[in-house]
Structures are given as C-alpha cells and as structure tokens.
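This report describes the fold of a single model and then looks at a few individual residues. The sequence and structure come first.

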Amino acid sequence: MKGKRQEKILEIIRTNDIETQEELTKKLSEAGFSSTQGTISRDIRELKLTKVTGANGKQKYAPIQTEDIHVSSKYKRVLSEGILHMDSAENILVIKTVPGMAMACAAAIDSISLHGVLGCIAGDDTIMCVVKETPMVEEVMKEIDTIMKGHR
C-alpha cells in the first residue's frame, strides 16, 4: 500500500501544483488513499520531495531530480570508469564492472542514496543492487546512467 501511495503522490505533484500537505492529503483521498498528516510527512521525507517556486510564483512540492542532487565528482568518476553494463531481474539490478571495481561502485551508489535503492552487495566485478520495487529498477538504471554520462 505504501508503495502505491507514494507512486500516487509523485503522480499528483507532477500533474498539480501542490503547496501544502493538506492539499496533497485531499488529492490522495480523492484518488482513494486515506492518509494521516504524519504519514504524508513521512512519505514526503522518504520520497525526498522539496518545495520549488512554480511558474505562478507560489511554492509547490517537486521531486529532487538526480541532476539537482550534489553528486561528488569522485562518485561520478568511479561510476563512469567502473560500470560496464547493467541488467535487471525483477527488483534486482545486476551491475557488471571492471574487475576490482565492484566494491567502489557499490559504495558510490549507496552514498548517492538513489530513490528506491535499498542497498548493494559487491564482489570483484559484479554488484547486486536491491531496488524496493520492480517498477523502480528502470528509473534507478536511468539515474545511474545520467550520473555516468555527466562525467564522461
């Protein structure tokens, strides 16, 4: 239920200018999700939402985009030089790296705190990255790719 609610929250803030938690709670209720203010507050924190100035000059909730997150050049370099290929199996992201680079790449991914990534386990040249839900894997792969391309 939490995952579906959070997906709905992201959908709502992408299609509406939501200024307050009360507005968000109302929109969620209209969509069939009843939630308390405390739950909404936790969801906002977990989804790493922030307030930005909308076109109308008012504040609104928005997801922090990977490009907006300060990703140190060290992590960008490690990922761009270490990762060779990514593939998925359900909610598991399998990342092949240059031999000896898996641990460094896994540590970089964990440090970046990508939305949906629960954690990584690394061997010598392979990382098993557990993603919270299968539909999120594609987004995580795109975010990692974006970070890598930003350094190349």
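## Basis of the description

The model is predicted: local features require pLDDT of at least 70 and side-chain atom pairs count only at pLDDT 80 or more, while totals for chains, interfaces and linings use all residues. Residues are numbered from 1 along each chain as its sequence is written, and side-chain values use heavy atoms, with hydrogens and water left out.

## Overall make-up

Six helices and six strands make up the secondary structure of the chain; helices (H or I, at least four residues) and strands (E, at least two) are DSSP runs, numbered from the N terminus. Read from the N terminus, the order of elements is α-α-α-β-β-α-β-β-α-β-β-α. The C-alpha trace spans about 50 × 30 × 20 Å along its principal axes.

Of the 152 residues in the chain, 37% are buried (buried means under 20% relative accessible area, exposed over 50%, partly exposed in between, with a 1.4 Å probe and protein chains only). Contacts (heavy atoms within 4.5 Å) between residues at least 6 apart in sequence join residues at least 24 apart in 54% of cases.

Charged side chains number 21 positive and 22 negative, and the centres of the two sets are 4 Å apart. Lys and Arg count as positive and Asp and Glu as negative, with His and the chain ends not counted; each charge is placed at NZ of Lys, CZ of Arg, CG of Asp or CD of Glu.

## The four-stranded sheet

Four strands form an open sheet in the order β3-β4-β6-β5, with antiparallel pairing; two strands pair if DSSP finds at least two bridges between them. Because β3 (83-89) and β5 (117-122) are at the edges with a single partner strand each, one side of each lacks a neighbour in the sheet. On average, neighbouring strands are turned by 20° against each other, direction ignored.

Strands β4 (residues 92-97) and β6 (residues 126-131) run antiparallel and are joined by five bridges. Leu93 stands opposite Cys129 in β6.

## Helices on the sheet

Helix α5 (residues 102-112) packs on the sheet and touches β3, β4, β5 and β6, its direction making about 170° with that of β5. Axes are lines fitted to C-alpha atoms, for helices over the stretch in contact, and angles run from 0 to 180 degrees between N-to-C directions. Helix α6 (residues 137-149) lies across β3, β4, β5 and β6 and runs at about 170° to β3.

Glu90 is in the loop between β3 and β4 and is exposed, at 62% relative accessibility. Its phi is positive, about 60°, although Glu90 is not a glycine. Most residues other than glycine have a negative phi.

Ser35, in the loop between α2 (21-30) and α3 (37-46), counts as buried because its relative accessibility is 17%. Beyond four places in sequence, Ser35 is in contact with Arg5, Thr25, Leu28 and Ile40. Val52 belongs to strand β1 (residues 49-53) and is partly exposed, with a relative accessible area of 30%. Not counting residues up to four places away in sequence, Val52 touches Lys58, Gln59, Lys60 and Ala62.
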